[in-house]
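Here is a short briefing on one protein model. Keep the sequence and the 3D view open as you read.

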Amino acid sequence: NSKKIYQAESHLKDYRPWGWFKTISTTKQFKVKHIYVHPGASLSLQSHQYRSENWVVVRGKAEVIVGEQKKILSKGDSIYIPSGVMHRLKNSTKTPLMIIEVQTGTYFGEDDIKRYEDIYNRD
């Protein structure tokens, strides 16, 4: 019974100041999210200790910082973010940005996040 409740809740949108994300799939080995970023919005400059991430742009253009690199990704482009590396996802355009994020690692909780800069003043 608890499995049915988890699945019902796991596909709900989790709203953030920059947009929302929806968890598509979770196992012990990986987590897959659909991420929507509002036009002009940016996620915090952050890193994760226990997971790496792969981002694939499915709609719009993403301005991405990974370590010292800054790249513009278009639909179909992807980028790998190793664990421990500072990164940021930004939508500098006037149209929505959608990405699919695949996390791999040993822990996928939302509390595995270290923020370095955040325009929304979150810890």
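A residue is called buried under 20% relative accessible area, exposed over 50%, and partly exposed in between. Take Ile100, a residue of strand S10. Its relative accessible area is 23%, so Ile100 counts as partly exposed. Keep in mind that this is a predicted model.

- Six strands form an open sheet with antiparallel pairing. Their order is S1-S2-S3-S10-S5-S8.
- Strand S1 (14-16) and strand S8 (78-81) are the edge strands. Each of them pairs on one side only.
- Neighbouring strands of the sheet are turned against each other by 25 degrees on average, direction ignored.

**Strand pairs**

- How many bridges join S3 and S10? The two strands pair in the antiparallel sense over eight bridges. Within this pair, Phe30 stands opposite Thr104 in S10.
- S5 and S10 also pair in the antiparallel sense, over eight bridges. Here Val57 has Ile99 in S10 as its bridge partner.
- Strand S5 (residues 51-59) pairs with S8 as well, in the antiparallel sense and over four bridges.
- Trp55 stands opposite Ile79 in S8. Val56 has Ser78 in S8 as its bridge partner.

**The two faces of S8**

- In a regular strand the side chains alternate between the two faces of the sheet.
- Which residues of S8 make up its covered face, and which its uncovered one? Ile79 and Ile81 are on the covered face. Ser78 and Tyr80 are on the uncovered face.

- Next, find Gly19 in strand S2 (residues 19-26). Is Gly19 buried or exposed? Its relative accessibility is 0%, so Gly19 counts as buried.
- The C-alpha atoms of Gly19 and Val85 are separated by 23 Å. These two residues are 66 residues apart along the chain.

**Salt bridges**

- How many salt bridges does a search of the whole structure find? It finds five. Three of them are described here, one by one.
- Arg16 and Asp14 meet through their side chains in a salt bridge, at 2.6 Å from N to O. Arg16 has 26% relative accessibility, so it counts as partly exposed. Asp14 has a relative accessible area of 28%, so it is partly exposed.
- Glu110 forms a salt bridge with Lys33. Their closest N and O atoms are 2.7 Å apart.
- This pair links distant parts of the chain, 77 residues apart. Glu110 lies in the loop between strand S10 (97-105) and strand S11 (114-117), and Lys33 lies in strand S3 (residues 30-37).
- Glu110 counts as partly exposed because its relative accessibility is 34%. Lys33 counts as buried because its relative accessibility is 4%.
- Glu63 and Lys70 meet through their side chains in a salt bridge, at 3.4 Å from N to O. Glu63 has a relative accessible area of 16%, so it is buried. Lys70 has 58% relative accessibility, so it counts as exposed.

**The largest pocket**

- Rolling a probe the size of a water molecule over the atoms shows where empty space is left.
- What is the volume of the largest pocket? It is about 260 Å³.
- The largest pocket is lined by 20 residues. The closest to its centre are Trp18, Leu43, Gln46, Glu110 and Ile113. Among these, Glu110 is also the salt-bridge partner of Lys33.
- S3, S5 and strand S9 (87-90) each supply at least two residues of this lining.
- By type, the lining divides into seven nonpolar, four polar and nine charged residues.

Key:
Residues are numbered from 1 along each chain as its sequence is written. This is a predicted model: local features need pLDDT of at least 70, side-chain atom pairs count only at pLDDT 80 or more; totals for chains, interfaces and linings use all residues. Side-chain values use heavy atoms; hydrogens and water are left out. Two strands pair if DSSP finds at least two bridges between them. Axes are lines fitted to C-alpha atoms, for helices over the stretch in contact, and angles run from 0 to 180 degrees between N-to-C directions. A salt bridge is a side-chain nitrogen of Lys or Arg within 4 Å of a carboxyl oxygen of Asp or Glu. Buried means under 20% relative accessible area, exposed over 50%, partly exposed in between (1.4 Å probe, protein chains only). On a 1 Å grid over the protein atoms alone, a cavity is a set of points where a 1.4 Å probe fits but cannot get out, and a pocket is an open set with protein on both sides within 12 Å along at least five of seven lines; lining residues have an atom within 4 Å of a point. Grid points are joined across faces, edges and corners, and a volume is the space filled by probe spheres set on the points. Ala, Val, Leu, Ile, Met, Phe, Trp, Tyr, Cys and Pro count as nonpolar, Asp, Glu, Lys and Arg as charged, and the others, Gly among them, as polar.
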